[in-house]
Each structure stands twice: as structure tokens, then as C-alpha cells.
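Biologist: Please take a close look at one part of this model, the packing of its helices against each other. Start with the chain as a whole, then go to the pairs.

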Amino acid sequence: MASLVTLTDGYVQRHDLTLVEYRDASSGAGHHSILRRQATMPVNKAHDDAGKGRPEGPFKGRVAVVTGAGRGIGLAIARKLGSAGAQVVVNDLSSVADAAAAELRESGTGAVAFVGDITRDGVPEQLVEAAIDSFGSLDIIVNNAGYATYAPVLEMTDGQWAPMLDLLLTAPFRILRAAGPHLVKPAEHLRKVVNVSSVGGISGSPNSAGYAAAKAGLLGLTRTLAKEWGPYGVTVNAVAPGLVRTRLTEGPAGGHDHIDIAGERLPLIGAPLTELESMVPLRRIGTPEDIAGAVYMLCLSEADYVSGETLVVGGGWMP
Ligand SMILES: NC(=O)c1ccc[n+]([C@@H]2O[C@H](COP(=O)([O-])OP(=O)(O)OC[C@H]3O[C@@H](n4cnc5c(N)ncnc54)[C@H](O)[C@@H]3O)[C@@H](O)[C@H]2O)c1
């Protein structure tokens with residue numbers, strides 16, 4: 001089940017999206033998935049409300065989609081883009097997306113939540129549709145949702161490998177494929193895609209081969225789309241965070257010994273971050289705001305001639 005929350009004149013409306021799986025009756029072979037919308041109310045045109053008391057800034061009137069924006073780096077990105085005037089579609093797996101969108105609206109940002117697992121068939125397309133239904137256009141996409149599974153390659157199961165490719169590579173591909181027709185529409189400004197990769201995607205990440213491979217693949221997708229969509233006025237870049245303090249990296253030392261992903265409980269591992277600080281030339285672990293600042297920079301018009309690039313945001317550290 002995915003859901004979309006929209007806001008009109010102070011009233012929140014919820015639209016439920018149900019994933020229906022069925023077997024082909026004629027052949028009896030194969031499962032197919034369709035997404036059926038159960039909207040009980042007409043979808044809100046939130047852009048009618050745009051401009052009323054919204055934050056001023058370089059992205060005023062622009063519409064941004066940020067995946068995995070209920071917490072951590074994604075939330076910091078949503079806050080940063082929103083504070084610079086963008087209207088934001090906040091995606092995450094659970095009600096953390098609702099809370100984040102509510103917080104953004106409190107600060108004057110036009111924001112809607114889209115609760116849904118972007119690895120499920122049809123959800124990437126619904127996410128793009130939600131942005132268009134809510135705000136009427138699409139200007140910035142930040143593919144951020146992610147986590148890592150841990151095992152050395154010789155012990156890594158298909159069940160640890162495949163979800164990494166699904167979430168970190170296939171979901172961004174599907175979101176961007178669905179968004180493409182909207183992004184390439186003529187506009188006075190360039191449209192912006194920023195994919196959140198990782199230093200692990202550049203230099204490898206022992207015990208996280210699926211994660212590193214998918215993050216490296218995301219850089220390939222970034223460079224390819226920069227070439228395909230550049231002629232239409234779209235820049236496509238990546239940021240590659242180093243060590244950033246979130247629940248994923250704080251792990252057990254930070255009181256987070258597991259995460260729940262789509263009904264599965266996954267263990268978190270890792271050394272206390274303070275032990276790793278001395279590796280970083282700038283002598284501190286990054287914050288979600290550090291990464292949000294880099295995404296913001298790439299979305300500015302001052303970066304309009306930057307495309308196909310990967311901006312490492314790691315305090316000078318590269319594993
Ligand atoms: N924290 C770091 O040090 C670090 C370093 C390099 C890269 N990154 C990348 O930054 C991104 C954000 O990570 P974070 O550290 O903020 O983690 P986080 O766990 O704080 O936030 C990630 C969010 O993504 C959401 N998410 C996971 N699967 C999803 C799905 N299928 N559909 C929708 N949402 C989903 C989670 O619910 C969570 O809220 C990830 O792509 C991660 O790989 C993080």
C-alpha cells in the first residue's frame with residue numbers, strides 16, 4: 001500500500017494506492033502487478049496555492065521530489081530545498097514521510113508526503129504522478145533512499161545482494177524514466193537530477209558488495225542521463241557522501257541496532273563514529289546538512305554548466 005497526502009487550504013487529504021498482484025488467467029503463467037488508485041477525493045492541485053507565504057529563494061516555484069526524505073540525509077535535503085523556495089514531495093517507507101512533510105509545511109514550504117516503497121512495481125511511476133498531480137510540474141529529483149546489507153562476498157546471499165540493486169539502482173532508473181517526459185519539457189531554467197551515491201561506489205566497500213556495486217551503477221546511470229538529457233536542458237549529477245552521522249552509520253553505538261525495511265528487520269553494524277573521525281582530514285564526521293548543501297549547490301543556476309559529475313562530500317576522506 002502506498003499513500004499520498006496532499007494539502008489544500010489547510011485540509012490534509014489522503015489517497016490510498018493499492019498494489020494488486022494477479023496470475024494471468026489465460027496462460028496461467030507468471031504474475032503481473034498493477035497499481036490501482038483508490039482516491040476517495042479528487043487529487044489536490046496544490047500548485048493553485050503556490051506562492052502564498054512560501055519561502056523566497058532560488059528555487060521558488062520549482063517542484064522537487066526527494067526519496068527517503070523522512071529522516072537523515074533525505075530530510076536535510078528536503079528542508080534545504082524547501083527553505084530555498086522549492087515545493088517538495090517527501091517520499092519514504094512509513095509515516096516518517098508524513099511527519100517530515102508536516103514539518104516542512106509548518107515552516108511555510110509547500111510539501112506533500114508520498115508514503116511508498118519505491119522498489120515495488122508501479123510505485124516509482126506513482127511517485128512522479130503524485131508530484132505532477134500535487135504541484136503541476138517537476139524540476140528537481142533527488143534519488144536518496146538507501147541502506148546497506150552487510151556480508152563478505154563469499155557469504156553474501158542473493159537475498160542480501162538483490163535488494164541493493166533494486167533500491168539503489170533500479171528504483172532511481174524507474175523514477176527517472178517516469179520523470180523524463182516532464183523533465184525535458186522546455187523551461188526558463190534547467191531541470192536538475194542529483195543522485196545520492198557513496199564513496200563506496202567509487203572505491204569499493206568491503207562487506208557491502210551489493211551496496212558498492214549499485215552505488216557505482218548509479219554513477220553510470222548519472223553519466224548516461226547527463227548525455228541523453230543535456231540537450232533538453234537537464235543536468236544530471238551525483239553526490240558521493242563519505243561518513244555521515246545518521247542512524248545507518250551511528251549503528252549500535254548510537255542506539256540503532258537494526259532498521260525495519262518493508263517488514264524485514266535488518267541488523268546495523270559498525271564502529272563508533274568517533275573512532276573514525278581521525279581518518280577524515282577535516283577531523284569530523286559529516287552531517288546530513290553537509291550533503292544537503294552539496295545537493296543545493298548542484299541545483300543552483302550557478303551550477304548549470306556542471307553535468308555528469310560526481311561531487312565527493314567527505315571532508316577530504318576517501319576510503
Ligand atoms: N550516512 C552515510 O554515511 C552515507 C554515506 C554514503 C552514502 N549514503 C547514502 O545516503 C542516502 C541516505 O542515507 P541516510 O544515511 O540518510 O540513511 P537513513 O536511514 O537515515 O535514511 C534513509 C531513508 O531511506 C528510506 N528508505 C529505505 N528504503 C526505502 C524504500 N524502498 N522506499 C522509500 N524509502 C526508503 C528509509 O526509510 C530512510 O528513512 C542513502 O542512499 C545512503 O546509501 C549515506
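Modeller: In this predicted model, the protein chain exposes about 14300 Å², and carbon and sulfur atoms supply 54% of that area. Of its 319 residues, 48% count as buried. The secondary structure comes to nine helices and twelve strands. Among contacts between residues at least 6 apart in sequence, 66% join residues at least 24 apart.

Now the helix pairs. Two packed helices are described by the angle between their axes and by the distance between those axes. Helix H4, residues 158-183, packs with helix H6, residues 209-229, at an angle of about 15 degrees, and their axes lie 7 Å apart. Angles under 35 degrees count as roughly parallel, so H4 and H6 are roughly parallel to each other. Their crossing is right-handed. On the H4 side the contact includes Trp161, Met164, Leu165, Leu168, Pro172, Phe173 and Gly180. From H6 come, among them, Ala209, Gly210, Tyr211, Lys215, Leu218, Leu221 and Trp229. By class, the contact of H4 with H6 has 17 nonpolar, three polar and one charged residues.

The other pair is H1, residues 72-83, and H2, residues 96-106, which pack at an angle of about 25 degrees with their axes 10 Å apart. That angle makes H1 roughly parallel to H2. The crossing of H1 and H2 is right-handed. Here Leu75, Ala78 and Arg79 of H1 meet Ala100, Glu103 and Leu104 of H2. This contact of H1 with H2 has four nonpolar, no polar and two charged residues.

Notes
Residues are numbered from 1 along each chain as its sequence is written. This is a predicted model: local features need pLDDT of at least 70, side-chain atom pairs count only at pLDDT 80 or more; totals for chains, interfaces and linings use all residues. Side-chain values use heavy atoms; hydrogens and water are left out. Axes are lines fitted to C-alpha atoms, for helices over the stretch in contact, and angles run from 0 to 180 degrees between N-to-C directions. Helices (H or I, at least four residues) and strands (E, at least two) are DSSP runs, numbered from the N terminus. Angles under 35 degrees count as roughly parallel, over 145 as roughly antiparallel, 65 to 115 as roughly perpendicular and the rest as oblique. A crossing is left-handed if the near helix is turned anticlockwise from the far one by less than a right angle, and right-handed if clockwise. Contact means heavy atoms within 4.5 Å. Ala, Val, Leu, Ile, Met, Phe, Trp, Tyr, Cys and Pro count as nonpolar, Asp, Glu, Lys and Arg as charged, and the others, Gly among them, as polar. Buried means under 20% relative accessible area, exposed over 50%, partly exposed in between (1.4 Å probe, protein chains only). Accessible areas come from the Shrake-Rupley method with a 1.4 Å probe; for residues, only the protein chains shown count as cover.
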